Amino acid sequence: MGTGLTYLRKTTSPEATKQLASTLAPYLRAGDVIVLSGDLGAGKTQFVQGVAAGLGVRAPVTSPTFNILLSYPEGTLPLHHFDLYRLDDIDELEDIGFYETLDADGASFVEWGEKFPDALPYGYLDVVVTVDAEGNRVVRVHAFGDRARRLLTVWANDSKSRLMKCAGGTA
Ligand code: ADP
Ligand code: MG
């Protein structure tokens, strides 16, 4: 667990999750890494769809579960979307260009990145989506490293994000 704040927002619809995610888009920079965790069907891909919309990506954003990596170069910043669900071995990450892509021209969103903690960079934004008893989603965001902390701070300061400070970690 890193130091610093955790923010959260409860969303009551897929549209609200996408709206939250779209408000992150203007603050992203090349090299930013966002790890998305949460059960199958929690809303990780919905979140990436919202980011894509915020970046002005017009192509449909689908789950890269089978492709592992799908990239969208046409927005204001290239968007790389990984889904590591089907990967079993950390060595496969090199084959799919994981490390190169993270260091490249765009922002990278990694579903199931927590499966391979040793593969994650020093700094990243951790987004955890959970489903509450009513079926609403709770999106918790925690930052690791200085750049991610700054990113989270500016995002949370944007009133359109409606993120709220909360005590404790991302668990
Ligand atoms: P994941 O990528 O985490 O496996 P998806 O984003 O593909 O999940 O799917 C999430 C599913 O949950 C979608 O069918 C979506 O319509 C539904 N859903 C219901 N409520 C929400 C919500 N508040 N936020 C996001 N998705 C929601
Ligand atoms: Mg998904």
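Which residues lie nearest the centre of the largest pocket? I began there, keeping in mind that this is a predicted model.

**Entry 1, the pocket.** I found Gly41, Ala42, Gly43, Lys44 and Gln46 nearest the centre, among 21 lining residues. The space inside comes to about 260 Å³. I then looked up which elements give two or more residues to this lining, and they are α1 (14–22) and α2. Helix α2 gives the most, with three residues.

Threonine 45 sits in helix α2 (residues 44–55) and glutamate 111 in strand β5 (residues 107–111), so the pair ties together parts 66 residues apart in sequence.

I followed β5 into its sheet, an open one of eight strands ordered β3-β4-β5-β2-β6-β7-β1-β8, with mixed pairing. At the edges I found β3 (69–72) and β8 (164–166); each has a single partner strand, so one side of each has no neighbour in the sheet. From one strand to the next, the twist averages 25°. For a closer look I picked β4 (residues 79–83), which pairs with β5 in the parallel sense over five bridges. There, leucine 79 has alanine 107 of β5 as its bridge partner.

Terms used:
Residues are numbered from 1 along each chain as its sequence is written. Chains are lettered from A and ligands numbered from 1 in the order in which they are written. This is a predicted model: local features need pLDDT of at least 70, side-chain atom pairs count only at pLDDT 80 or more; totals for chains, interfaces and linings use all residues. Side-chain values use heavy atoms; hydrogens and water are left out. Helices (H or I, at least four residues) and strands (E, at least two) are DSSP runs, numbered from the N terminus. On a 1 Å grid over the protein atoms alone, a cavity is a set of points where a 1.4 Å probe fits but cannot get out, and a pocket is an open set with protein on both sides within 12 Å along at least five of seven lines; lining residues have an atom within 4 Å of a point. Grid points are joined across faces, edges and corners, and a volume is the space filled by probe spheres set on the points. Two strands pair if DSSP finds at least two bridges between them. Axes are lines fitted to C-alpha atoms, for helices over the stretch in contact, and angles run from 0 to 180 degrees between N-to-C directions.
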